[in-house]
Amino acid sequence: MNRQAQAVIMLLFGGAILRAGLGDLYLRYVKEGLRPFLLGAGFLLVVAAVMTLWYELRPRPAATAPEPDGHGHEHHHEPRIGWLLILPVLGLLLVAPPALGSYAAGQAGSVLTAQNSASDYPPLPAGDPVDVDLLDYASRAVFDKGRSLTGRTLRLTGFVTPGPDGEPMLARMVLSCCAADGRPIKVGLAGEGPAGVAPDTWVQVVGMYADRVGKDPVNDADVPYLQVKSWQEVAAPKQPYE
């Protein structure tokens, strides 16, 4: 791999990052707040690639041109393993892997942890049904004993994932930084839930707080339940993670 090939791959890599960052594709891999850093990194890669190509292709006086080897080639070659850098480029440009879904949720334990005391949960906004994030619902249901949820009609959105008993659960992945550290938050569905719906299908569920709590078989974390009143399939949101 010579420097010109390195520059071309770097140019493609930077262009792929810019393509992901300028659209919504980057939201499958990192949190929304990291977009400026992605765009900055992509821009720097493109600039570095262009400068490298300019340096390698510019006309040079004969006295300063690098001496060729015995085969007439310049000594600017790097190990062939450098070609592997083209794999993530092809992944971003051609494959575009989907956001983490039911498979990842089934392999990792629920992220539910006690972040607030029982008195730290403010009342939900007025108006029913009220939209509630899965992590917020699970935290209120387990650590606040459902006090701020009781009597309210709630609307939760997530993807379907199989539960330990084969019944569907509602899940969403929670990111600290990027998809590599994503862990699921899971909510069980009591009543007439989306039975028979394929995993990874996004649904919107309307229901009420249920005092039933199960266990995540992966890490034995508490899994609260929602008493389902109705549900419908919806398109995957632009921001799939919490």
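Against which helices do the buried residues of α1 pack? The structure is a predicted model, in which local features require pLDDT of at least 70 and side-chain atom pairs count only at pLDDT 80 or more, whereas totals for chains, interfaces and linings use all residues. Residues are numbered from 1 along each chain as its sequence is written, and side-chain values use heavy atoms, with hydrogens and water left out.

Helices (H or I, at least four residues) and strands (E, at least two) are DSSP runs numbered from the N terminus. The buried residues of α1 are A5, A7, I9, G14, A16, I17, A20 and G21, where buried means under 20% relative accessible area, exposed over 50% and partly exposed in between (1.4 Å probe, protein chains only). These buried residues pack against α2 (35-57) and α3 (86-95), a contact being heavy atoms within 4.5 Å.

T157 is located in strand β2 (residues 154-162). The relative accessible area of T157 is 19%, so this residue is buried. Apart from residues up to four places away in sequence, T157 touches L134, L170, R172, W202, V203, Q204 and V234.

One aromatic pair is found in a search of the whole structure. The ring centres of F159 and W202 are 5.6 Å apart and the planes lie at 70°, so the pair is edge-to-face. Rings of Phe, Tyr and Trp (its six-membered ring) pair if their centres lie within 6.5 Å; planes under 30 degrees apart count as stacked, over 60 as edge-to-face and the rest as tilted. The pair links distant parts of the chain, with F159 in strand β2 and W202 in strand β5 (residues 202-215), 43 residues apart. Both F159 and W202 are buried.

A charge sits over a ring if NZ of Lys or CZ of Arg is within 6 Å of the ring centre and within 35 degrees of the ring normal. The charged end of R58 is placed over the ring of W54, 5.6 Å from its centre, and R212 lies over the face of Y225 at 3.9 Å from the ring centre.

Backbone features occur in several loops. D128 and P129 are joined by a cis peptide bond with omega of about -5°, and P129 lies in the loop between α4 (102-107) and β1 (130-131). K145, not a glycine, has a positive phi of about 55°; K145 lies in the loop between α5 (134-143) and β2 and counts as exposed at 57% relative accessibility.
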